[in-house]
Amino acid sequence: MDSDSKVFVVSSDLCSGCRNCEIWCGFITGKRRGFAPDAGHIHLHSDMEGKLNIPELDCSGICERNEVGEPICVEMCPTGCLIFTNREDFERKRTSWEKARRVQPVFKLIVPWKYPYPWRELRKEEL
Amino acid sequence: MTWHGWTGTILRVDLAAGKVTKEELSRTMTRDFIGCRGLNTAYLYSEVGPEIGPFDPENKLIFGAGPLEGTPIGMGRVSILTKHPNRFLGEGGAGGHWAAELKFAGYDVIILENKAASPVWLLIVDDQVELLDAAWLWGKDTKEKHKLIRAKTGISGIHVASIGPAGENLVANAKVQFTLDHSGGKGCGTIMGDKKLAAIAVKGSGIVSLADGTRFLETYRKFRQTFDLKSTKDLFVPSWSFNSANMLLELFNENGWVHAHNGQRGFFEPMLNDVEYLDRYVVRPESSFCCPFPACGRRYEIKEGLFAGTGGDEREVGFAQAAPIVGIASYPHVIKFRDMCNRAGLDEDQAMYSIAWAMECYERGIISRKDTDGLELRFGKADEFLTMTERIIQRKGFGDVLAKGVDEAARLVGRGSERYTLSIKGKEIERMPQRNGYQMALALAVCECGPDHTRWYPPYPPNPKSIPSDMELPFDPYSAFQTRSVEDKGRLVKWLYDSRAIVESLPSCVYMIRGLLGIDMSLWLDLYNSCTGEEGDVQEFLKIGTRIVNLERAYIVREGFRREHDTLPRRMLEDPIVEHGIPPIGENLSVMLDQYYEIRGWDQKTAIPKEETLRNLGLQIVADDLKQRGLLA
């Protein structure tokens, strides 16, 4: 997998402000010693009124990966708003989401590439 | 001593003297009671005896975060504990981010003592802990308080726990309100108001250390698989992932789970529609700290029309489930009501059930316009409902009567109105079905802190096919979950209480108990051990839960609560649900209580834990204490 061509993209209108990415990034960066909000490369900005959450990433995308090749922040993101992919793929996904949203209001809350389809790309042995 | 999980520090704040002291946590206490809810109870038991009244300065208010708080298992859960104005345990949990910040700042527990002479607020930024004057905050609503504190401190990520006008005016069950509309602790807001503590603001930048990070990550991945839509075996995972309880409205109506018109009916028409809610009012997801559900919490807003601009954040409880109680079928009114309660720190169940009681009394002719200051309090009158809510918050006229709680209000009104109160131990019930869910009826009746669903949630089984055949359960999963039979309910409710006591003490959110997590504690134990470095086994772990529940029972026994207080509203015991043909509970309750006390090792006549039971759980000190007070033979 060539990580240079991939970028992190955040659909901030779907970010629930849960801080999973921030906390788990700190966990990996801090050598698994514990959880600390400021240890990682991600910082979540929130207006604290529930109107806006934006995770800010200061990261080159080089860290340890799980078995499907995702960084831990993307693996742990529950809504699917944080993805690590190339630009064309992201644009395709974003368009499919915009379309889905027009038909079904539940896509205000979740993304079609995570729900209800298999919520991650199938592993090699599953294909 | 190095601590993993716990930070090892307690903050003790003397509000009268303005003095803050830091104490070391005791290793034996954390072993026996873990943290959060369990540890809080241990502190309250040893420090606030029955000779201290709830409004005495000696009563304490305890905010606790457990060892797994600050890790992604914690979900920002905090447990708040005090002696409730009705003298039972005033315990309540809230989610959000506040407790995680408290752990990052380096504290496990805050114990607040005495009363301040004038309003104060507590600021905690890592090592810096200050008690400051709060004259400029007093009288403001909770959302304003949070905004003002953010502006004053200049820290954008600061999280605040505060009380609103309801707490300041000592409304009976006022709650503590956290940033982003998380709230909890019915009655704790009242005591906080009595102590003249306006707010506690927390920001931390430290670390919650783990004993074995790699093992923790592996176990956490297994935990997350429970919520994976592709492989989940739990019916409720999809609904909680998208639209929480709102999705189940039709199910509620079909099964008679709503308390329509103060519990007189089990069916409500026109029921609010969850798709309309999602379509018109929901804006975006908004979660607690590290919640694995994408949209258990949602931001909602009224964009146009009546009450335009009103909005907030919603979790777990469907609005629409609540509206039938007072007979309303209008989203704008329910959203406005919720916003008023959140701003004022008023308990929604108190407002809802006490106004519903007043409406029933009005329709039955027990009270009239003269009593209600000219308001026509009938079911379905949405504007009158909102006006009455405002009067409860401000304690004006008839609102002052309802602000005392529905039992006290019925005592003041008299004329047979006591028959229609929906309350247990003097506290209004929550929206939980009872006549058509005997496990829930029993669990509500025996609860040590008034009716509280988080102590035994969820009361339904996982998919039977997902239960491994070799798994040993303390109850029979087929008969125990039968909703209208008394069979096996004692053993089931004991299990629910003991296991959920552990989950709330770690802490984690009881809405996370999905799939096998509710009947198999080994994954929770793995998370606990890998975080804290403890090495207990499952038996030892479950014993902690039993110990916590027994200590809580000993506490309310000391306050004078006995078997006769473990009961249900008369409506549930005597009236059927006509539309669904569901009979009242009647004598079944006492059969289930006998089962429950017996399996617990408590005296069946009095519900006092036997000495042997307490001794086996390592609570000899408690047994001696009860003996000294003449409560044990």
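**Chain A, overall**

I began with contacts in chain A of this predicted model, and among those between residues at least 6 apart in sequence, 55% join residues at least 24 apart. I then looked up burial, and of the 127 residues of chain A, 37% count as buried. For the secondary structure I noted three helices and five strands in chain A, and reading from the N terminus on I wrote down the element order as β-α-β-β-β-α-β-α.

I next followed strand E3 (residues 42–46) of chain A, which is joined to strand E4 (residues 53–57) of chain A by five bridges, the two strands running antiparallel.

**Where chain A meets chain B**

I looked up the contact between the chains and found that 30 residues come from chain A and 40 residues from chain B. On the side of chain A that touches chain B, the elements giving two or more residues are helix H1 (20–29) and strand E2 (34–35) of chain A, with H1(A) giving the most, three residues.

Phe35(A) has Val208(B), in E13(B), as its bridge partner.

**Domains of chain B**

For chain B I took the bounds from the domain assignment, which gives domain 1 (9–203), domain 2 (240–428) and domain 3 (438–628). Taken over C-alpha atoms, the centres of domain 1 and domain 3 of chain B are separated by 27 Å. I then looked at their contact, in which 30 residues of domain 1 of chain B meet 27 residues of domain 3 of chain B. Helix H1 (27–33), helix H2 (36–47) and strand E5 (89–94) of chain B each supply at least two residues of the domain 1 side, and the largest share, seven residues, comes from H2(B). I classed the residues on this side of domain 1 as 13 nonpolar, 10 polar and seven charged.

**First sheet entry, chain B**

I traced an open sheet of six strands in chain B, with the order E2-E1-E6-E3-E4-E5 and mixed pairing. Strand E2 (19–24) and E5 of chain B stand at its edges with a single partner strand each, so I noted that one side of each is left without a neighbour in the sheet. From one strand to the next, the twist averages 15°. Within this sheet I followed strand E3 (residues 61–64) and strand E4 (residues 78–83) of chain B, which pair in the antiparallel sense over three bridges, and I recorded that Phe63(B) stands opposite Ile80(B) in E4(B).

Strand E10 (residues 176–178) of chain B is joined to E11(B) by two bridges and runs antiparallel to it, and the bridge partner of Gln177(B) is Ser183(B) in E11(B).

I then looked up the helices set against these strands.

**Helix H13 of chain B**

I tested the length of helix H13 (residues 331–344) of chain B: at 1.5 Å a residue its 14 residues should span 20 Å, and its end C-alpha atoms are 20 Å apart, which agrees. I found H13(B) mostly covered, with 11 of its 14 residues buried, including the charged residues Arg338(B), Asp339(B) and Arg343(B). Last, I noted that H13(B) is followed by Gly345(B), whose phi is positive, near 70°.

Note on methods
Residues numbered from 1 in each chain as written. Chains lettered and ligands numbered in written order. Predicted model: local features only at pLDDT ≥ 70, side-chain atom pairs only at ≥ 80, totals over all residues. Contact = placed C-beta atoms within 7 Å. Helix = DSSP H or I, 4+ residues; strand = E, 2+ residues; numbered from the N terminus. Pairing = 2+ DSSP bridges. Domains from an automatic or database assignment. Expected span 1.5 Å × (residues − 1). Buried ≥ 20, exposed ≤ 12 C-beta atoms within 10 Å, placed from the backbone. Axes fitted to C-alpha atoms, helices over the stretch in contact; angles between N-to-C directions.
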